[in-house]
Amino acid sequence: MGAIRLAIVGLGRFALAHARIWSQMEHIEVVAVCDRNPETFGPFRAMFPEARCYTDWKELIDRESPDAVDVLTPEHLHAEPVLHAIRSGAHVFVEKPLASAPEEAEAMIRAAGQHGRILMTGHVLRFDARYTEAKSRILRGETGPIRSIYAKRNNGKTFFSIYNRISPVFILGIHDIDLMHWLFEDDVIEVTAIRSASGHPTEDLIWAMLKFARGGIGILENNWLLPDGAASPADVRTEITGELGSLIIRDPERGIDYIGSSSAEQPALLTGCEVHGRVEGPLARELEHFAQCVRLGRPSDILRPSDAWKAVRVADAVRQSAREGRPVRLTPAANPL
């Protein structure tokens with residue numbers, strides 16, 4: 001096929017990162033962008049001067065008939081534009097989580113199967129070289145059977161005002177839930193979680209223990225409590241413990257330290273950087289993978305919709321366990337496809 005005619009729906013915090021990557025792909029033509037707030041259009045007009053701007057995603061999809069749609073709305077607003085795009089014949093990339101409820105995720109996956117469209121969710125750690133190296137070493141048997149995975153993913157408190165609409169397990173922990181499924185190659189059967197809030201109905205801290213079917217244990221630590229003065233906006237640590245060896249991944253990775261007169265900075269270059277004007281890193285590799293799948297008309301064997309659904313299902317159980325103060329069992333469920 002020729003250039004992929006792409007539309008971007010939702011111009012929030014993450015959209016510019018996507019847009020910069022789309023703009024450097026020769027085989028992508030961004031034909032339209034959409035947000036309910038027209039004040040967000042400016043940077044996208046500058047980047048894609050030929051693209052049309054909409055405040056209604058349905059109008060955009062119906063008028064433009066794009067080949068693909070990049071959905072970057074808040075997670076509780078994913079389902080409607082994703083379903084309409086798929087039913088209108090478009091392939092869809094949607095940022096994680098696929099949905100804020102398992103039922104919505106199931107509906108999207110069924111629609112993609114019925115209409116023969118590619119549906120891909122942005123579980124970007126699968127394109128991070130550190131985690132792919134960990135996966136390779138596990139497959140080679142260097143660690144022996146994996147017994148536990150501890151995943152800390154704490155972000156700056158300044159972002160809580162943006163994401164306090166939902167439990168942090170859906171924004172932060174969802175990365176590591178998917179990662180644990182991928183590394184263990186196993187399913188969660190029980191969740192025990194506890195939450196803590198500081199004057200807001202939505203918790204800004206949550207811990208969870210995940211029990212996997214073959215006995216593996218996963219530990220999640222997520223909060224929006226990293227101080228504003230921290231050298232990096234995220235504090236991430238993954239510890240993978242096997243019977244023969246272990247793997248530890250840290251973020252930021254301390255590739256470079258900047259010390260100024262009033263602040264310090266530790267940029268996490270492995271999670272994304274710019275080299276001679278070109279954006280590189282896991283997100284760029286992920287979006288390039290989506291574009292390749294669309295060009296070839298072939299579903300991804302790396303980011304499968306069923307895996308994204310599993311992550312939503314476990315995150316929902318974590319939220320339920322934390323709110324109700326009890327363990328939650330996950331019964332085997334049929335794959336939506």
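This is a predicted model: local features need pLDDT of at least 70, side-chain atom pairs count only at pLDDT 80 or more; totals for chains, interfaces and linings use all residues.

User: How many of the 20 residues of α10 are buried?
Analyst: Buried here means under 20% relative accessible area. α10 is largely enclosed by the rest of the structure, because the buried residues number 15 of 20.

User: Which residue just after α10 takes a positive phi?
Analyst: α10 covers 305-324. Just after α10, a phi of about 65° is taken by glycine 325.

User: How many cavities of 30 Å³ or more does a search of the whole structure find, and how much space lies in the largest cavity?
Analyst: The search of the whole structure finds one cavity of 30 Å³ or more. The space in the largest cavity is about 50 Å³.

User: Which elements each supply at least two residues of the lining of the largest cavity?
Analyst: The lining includes Leu119, Met120 and Thr121, and β6 covers 119-122. Pro305, Asp307 and Ala308 are also among the lining residues, and α10 covers 305-324. The elements that each supply at least two residues are β6 and α10.

User: By class, what makes up that lining?
Analyst: Arg126, Asp178, Arg304 and Asp307 are among the lining residues, and Asp and Arg count as charged. His123 also lines the cavity. By class, the lining has five nonpolar, two polar and four charged residues.

User: How many disulfides are there, and which cysteine sulfur is nearest to that of cysteine 53?
Analyst: A disulfide needs two cysteine sulfur atoms within 2.5 Å. By this rule the count is zero. Cysteine 53 is in no disulfide, and the nearest cysteine sulfur, 9.4 Å away, is that of cysteine 34.

User: Is cysteine 293 buried or exposed?
Analyst: The cut-off for buried is under 20% relative accessible area. Cysteine 53, at 25%, is partly exposed. Cysteine 293 has a relative accessible area of 1%, so it is buried.

User: In what sense do β7 and β11 pair, and over how many bridges?
Analyst: β7 runs over residues 146-156 and β11 over residues 234-242. One of the bridges links asparagine 155 to alanine 234 in β11. The pairing is antiparallel, over nine bridges.

User: Through how many residues does a hairpin join β11 to β12?
Analyst: β11 and β12 pair in the antiparallel sense over six bridges. Threonine 241 stands opposite serine 246 in β12. The hairpin joins β11 to β12 through three residues.

Methods: Residues are numbered from 1 along each chain as its sequence is written. Side-chain values use heavy atoms; hydrogens and water are left out. On a 1 Å grid over the protein atoms alone, a cavity is a set of points where a 1.4 Å probe fits but cannot get out, and a pocket is an open set with protein on both sides within 12 Å along at least five of seven lines; lining residues have an atom within 4 Å of a point. Grid points are joined across faces, edges and corners, and a volume is the space filled by probe spheres set on the points. Helices (H or I, at least four residues) and strands (E, at least two) are DSSP runs, numbered from the N terminus. Buried means under 20% relative accessible area, exposed over 50%, partly exposed in between (1.4 Å probe, protein chains only). Two strands pair if DSSP finds at least two bridges between them.
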